[in-house]
Amino acid sequence: MQAAPDRSALSAERRKSFHKSVRAAFSVVALLAIWTGIAAFPWSITIPSPLASARALLQLEPRPLAADILLSCRRVGIGFLIAAAVGIPLGILVGYSRWIRNLLFPLIEVLRPIPPIAWIPLAILFFPTSESMVVFLTFLGAFFPIVYNTIAGFSGIKPMYLRAGKSLGASEWRMFWHVILPSMLPVIFAGLHVAVGISWLMVVAGEMMAAKGGIGALTWEAYQTARYPLIFVGMALIGIFGFLSSFLIRIAGNAVSKWDAR
Amino acid sequence: MRRQIAACALALMAAISSAGGAIGQEAVSTKNAKVVLGSLPLAPTWGVTIVTKAELWKKYLPNVELERIEAMSGMPIVNNILAGKIDIAYMGDTPALILGSRRDVAESKFVAATEGDDGGSSVAFVKNDSPIQSITELNGKRVSISFGAYTHRFAEMVSDAEKIKFQYVGQSPEVGLTSLQAGRVDAFITWPPYGELAVHRGFGRVLMNGVKMNFSSVRCVVVSKAFAEKHPDILIGWLRAELDAHRLLRERPRAAAQLIFDDWKKFEVPLEVISAGFTYKVFPDDIGPKWRKVMTDSAEFLLKQGLIKQAPDFATFIDDSYLKRAAAIPSRLDLSKYPN
Amino acid sequence: MRRSTREILGNLIPQALSLSIAVGIWQGLVYFEVYRFGYVPSVPQVVAAAVDYIPSSRFLHDAWSSTYRVLTAWLLALALGVPLGLMIGWKLTVRDVVFPSIELLRPIPPIAWIPAAIVFFPHVEASVIFICFIGAFFPIVLNTATGARQIEETYFRAARCCGASERLIFRQVVLRGAMPYIVIGAAVGMGVCWMAVVAAEMIAGERGLGYMIWEAYSLAQYPLIIVGMFVIGALGAAMSRLIRGLGRSLVPWQRN
Amino acid sequence: MGCTLTTILSIRNVSKTYRVRGQEGVLALDQCSVDVVQNEFSVIVGPSGCGKTTLLNIIAGFDELSEGEILLNGSVLASPGRNSSPGPDRMVVFQHGGLFPWMRALENVCFGPLARGQMPYAEAREKARDLMARVGLQDIEDLYPESMSSGMRRRLEIVRAIMGQPQIMLMDEPFRALDALTKGVVQDFLLKIFDTAPHTIFFITHDLIEAIFLADKVCVMTSRPGRVKKMIRVALPRPRSIKLLNSPEFLRLKDELTDAIHEEALKAFELGEREAAR
């Protein structure tokens with residue numbers, strides 16, 4: 001009267017995940033359909049369809065495209081790493097010593113709300129080369145989320161961690177390394193995740209407004225030369241590499257937390 | 001130590017050039033230095049397009065490493081010069097005057113006129129289906145211009161003459177182009193080839209240009225005074241190449257047009273738009289009285305309109321000494337390489 | 001809980017001290033033209049520009065244009081993002097259908113949409129608001145979805161036990177249960193909105209604070225750039241604080 | 001209180017098989033049969049994992065049964081393929097608390113009648129306020145659950161349950177998370193409510209003392225797969241008071257129950273060990 005439980009159990013599982021991927025595929029197809037629909041509509045300026053954009057992508061010579069992609073990634077990478085290398089220790093210092101907190105925290109609080117994009121004109125004036133200017137922008141985009149989350153992470157540590165660490169007579173440094181840092185990691189990585197997103201936003205802004213080369217510049221040039229399908233190619237590339245970099249951060253985050261969960 | 005070497009090289013150079021360049025094929029400067037050139041990718045500054053595309057400068061400055069900063073309009077170039085990031089720049093007369101008027105920030109020099117005309121390259125465009133037929137109908141309408149460009153001066157001149165007032169929409173020319181296409185602005189006053197691109201892409205038409213008003217404008221080469229004093233030899237070498245470009249533009253117009261067409265390939269500017277320019281442009285080899293008058297009159301006008309706070313000190317600002325020394329050097333342009 | 005004036009003062013003095021040190025350093029760097037600070041406007045220049053610009057009607061016009069665009073986009077993002085986010089968090093089918101597309105578009109920063117928006121939107125207001133909308137929409141949808149998904153199954157069962165209909169469950173359990181996350185999403189969305197409006201206005205805004213900064217840069221009135229930066233920072237911070245205050249009143253039941 | 005002994009809820013040979021990823025079907029309930037008499041306090045007691053919560057979920061309509069059927073007032077409530085949907089007639093008091101944290105106390109209590117659109121808002125508020133006053137919770141009307149003590153939250157949830165006059169009140173180990181003192185207070189609270197008005201309660205617990213102290217009838221479940229091992233009638237007088245705890249009858253019942261439970265607890269422990277080792 002009832003199918004043998006185990007066979008239907010396994011197939012149910014597989015059937016469920018099959019359904020999930022069908023719906024996901026449907027979702028992507030629906031997105032492309034909507035895009036095609038919008039493109040088909042006779043706007044004053046015709047919007048390129050997905051097909052047109054795909055063709056535009058194929059017409060791009062791979063080598064200069066790869067160069068642009070590498071350039072943007074390099075700019076984000078350098079700016080982001082400097083922001084992490086400066087932001088995390090600074091955040092910890094601000095968390096640790098009251099003297100430094102009183103000195104630096106008000107400054108961070110004043111500068112943080114300024115949207116990093118608003119720094120671009122000043123950056124163009126100050127930095128000698130457009131390369132250093134764009135790296136400053138990606139650094140700036142990443143710096144505030146990182147330093148802010150590190151400070152939050154530090155103050156967020158449950159006081160009992162500190163007491164527990166101290167009561168065991170752990171030396172200041174060992175206590176930091178084994179108690180404070182591990183417990184701050186999740187919040188720091190949340191900051192890194194936000195930071196890399198904003199870094200990407202900044203490299204695109206920098207390349208569109210003042211720098212040469214990179215995917216942002218490619219997108220802007222597509223606009224300038226009225227090759228509109230290429231605009232969407234640029235946007236897709238920015239999306240893909242933006243996603244990849246935040247994916248990398250997530251993997252690093254899991255790896256680190258696995259290390260500390262040992 | 002480096003300063004001494006530069007000094008004696010300078011002396012040596014002065015000796016050679018003053019001796020009337022007897023040794024002919026000798027490079028104007030063998031110095032290996034980095035020179036930053038500021039220019040607009042799409043602008044009626046054809047001299048720089050030819051000099052860079054055909055690499056005419058390499059014959060005179062073999063060891064110079066050229067770095068280019070491009071901006072879509074004159075003012076960002078002015079800012080970069082004021083910020084000490086550009087050595088040689090090409091721009092319209094108005095940005096040059098604004099640069100000259102900022103003597104308080106940085107000293108600069110107008111060292112050559114590269115191209116001039118009497119209104120052909122200052123044009124107002126409207127959309128094809130726009131009801132506007134004459135410039136006076138643009139009163140109070142939205143007009144896209146590039147702040148601080150010579151076409152901004154043209155717009156001010158027109159509104160002054162016709163006693164009308166435009167509602168300026170300040171944006172870079174390529175954004176202006178799409179604003180016209182999207183109907184966000186009623187007119188687009190700009191320099192070639194942007195307006196012509198609107199016509200070529202089938203959504204724009206000419207409303208009027210500066211010829212009727214005899215609106216003369218000139219494009220020029222400006223340098224920061226610091227650069228001119230530190231590397232006069234490099235500047236002279238460059239101006240020598242600029243004069244070669246002028247010869248090419250005058251004697252081989254078709255070959256020159258092809259060079260410009262190739263440089264602007266990605267923007268798909270048709271060849272005939274470039275060739276049309278030859279009918280009304282001149283490429284002066286010296287800063288003649290006509291162009292000096294254009295500069296002084298424009299300065300006066302800009303002061304009156306409040307676009308600049310003080311006039312440049314023309315005595316030191318316009319300095320054609322380098323141009324004269326460049327003209328003295330025999331040209332190494334090989335015209336046979338450019339069949340017409 | 002009123003903070004005693006001594007405590008407020010105790011707080012203000014170090015802050016004022018630290019900021020004045022920072023300003024001092026800035027003025028020193030510019031005055032002695034350390035490295036390239038010579039090209040950066042000095043403190044008196046910025047103060048003069050501020051005194052000249054802030055009281056002017058131009059400032060009100062710019063500030064209002066930017067704020068209007070940010071608010072419109074933010075409210076639109078809430079109106080579309082919250083219901084969609086709740087449905088994604090609540091119903092598995094909606095999540096499987098809608099979520100992949102959102103994940104596909106989310107990594108594209110609002111700035112990357114600017115060229116498309118400039119070309120394809122007929123009016124500049126619409127294009128700037130669209131760019132801000134894109135900026136705010138994704139944080140709001142994703143935070144709301146997280147909010148809906150973290151509601152424990154118990155509350156749904158309790159509501160069904162009481163005989164509540166699906167529509168009532170949506171309003172009384174899903175919406176109210178996800179409210180703390182909606183507030184977080186709204187605050188983050190507002191922050192990104194301000195970033196997007198500055199970029200959009202700088203490139204093709206025709207008015208607003210971002211446009212003012214770029215125009216100041218184009219006309220080489222550099223001190224005004226810094227005034228613009230601080231004004232936008234202050235406005236953005238004020239609106240975010242407003243949202244957090246609004247949020248606290250929407251979620252009185254959560255003490256943390 | 002000589003009420004008629006009619007069965008309100010009868011559970012007949014109910015079995016439940018769980019399909020868990022990887023393992024073949026796990027039999028949670030095996031041929032369970034329990035009769036819940038109207039206005040009686042029935043308690044199900046058994047080792048952890050014996051399926052008592054699963055049984056409650058099936059009755060409440062949150063889960064479905066594989067075999068057997070459940071009748072409510074004689075009509076079929078649930079059978080294979082046709083599971084019952086949750087309803088106000090079988091109100092549940094949840095183990096980890098079912099109060100809506102975002103609603104004030106009064107709003108939580110009114111939620112039931114308002115949700116069914118039975119009465120206008122004013123009337124519901126009045127009824128709820130009156131009910132809370134009767135059970136001594138009148139001064140916490142405006143509190144949010146998070147700012148209440150755990151005991152207060154439990155009592156409020158019970159009030160919310162009886163507000164809808166359910167035919168049967170299903171309680172899933174509601175006092176498990178309470179400390180001993182609070183547990184005693186809330187047990188008295190529940191008994192007082194049970195004594196003052198006719199209620200049918202289906203109560204799950206793993207605590208023997210609590211089972212005997214509250215119940216009219218205790219049903220002992222075996223370890224997984226859950227089967228009804230033994231039904232014990234508790235004839236202690238009502239209203240129950242803690243003095244009964246050391247009366248001879250209570251101790252006899254406790255021994256009887258302990259013997260039945262202990263055996264099952266050992267089996268459950270071994271089963272747990274084997275599964276963990278797999």
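**Exercise 1. Strand pairing around β1 of chain D**

In this predicted model, D:I11 stands opposite D:I70 in β4(D). Determine in which sense β1(D) and β4(D) pair, and over how many bridges.

Solution. 
Step 1. Locate the partner strand: β4 of chain D covers residues 67–72.
Step 2. Read the pairing: β1(D) and β4(D) pair in the antiparallel sense, over five bridges.
Step 3. Turn to the pairing of β1 with β2 of chain D. Strand β1 (residues 7–18) is joined to strand β2 (residues 26–37) by eight bridges, and these two strands run antiparallel.
Step 4. Name a pair of residues as an example: D:T17 stands opposite D:L27 in β2(D).

**Exercise 2. An open sheet in chain D**

State the order of the strands in the open sheet of six strands in chain D, and identify the edge strands.

Solution. 
Step 1. The order is β6-β7-β8-β3-β9-β10, and the pairing is mixed.
Step 2. An edge strand pairs on one side only; here the edge strands are β6 (90–93) and β10 (228–233) of chain D.
Step 3. Consider the angles: on average, neighbouring strands of this sheet are turned by 20 degrees against each other, direction ignored.
Step 4. Examine one pairing in detail. β6(D) pairs with strand β7 (residues 168–172) of chain D in the parallel sense, over four bridges. Within β7(D), D:M171 is the bridge partner of D:V93.

**Exercise 3. Contacts between chains**

Which chains share the most contacts, and what is the composition of the side of chain C that touches chain A?

Solution. 
Step 1. Five pairs of chains are in contact, and chains A and C share the most contacts.
Step 2. This contact takes 46 residues from chain C and 48 residues from chain A.
Step 3. On the chain C side, the largest share comes from α10(C), with ten residues.
Step 4. The chain C side divides into 38 nonpolar, six polar and two charged residues.
Step 5. For contrast, no contact joins chain B and chain D; their closest C-alpha atoms lie 49 Å apart.

Definitions and conventions:
Residues are numbered from 1 along each chain as its sequence is written. Chains are lettered from A and ligands numbered from 1 in the order in which they are written. This is a predicted model: local features need pLDDT of at least 70, side-chain atom pairs count only at pLDDT 80 or more; totals for chains, interfaces and linings use all residues. Two residues are in contact if their C-beta atoms, placed from the backbone, lie within 7 Å. Two strands pair if DSSP finds at least two bridges between them. Axes are lines fitted to C-alpha atoms, for helices over the stretch in contact, and angles run from 0 to 180 degrees between N-to-C directions. Ala, Val, Leu, Ile, Met, Phe, Trp, Tyr, Cys and Pro count as nonpolar, Asp, Glu, Lys and Arg as charged, and the others, Gly among them, as polar.
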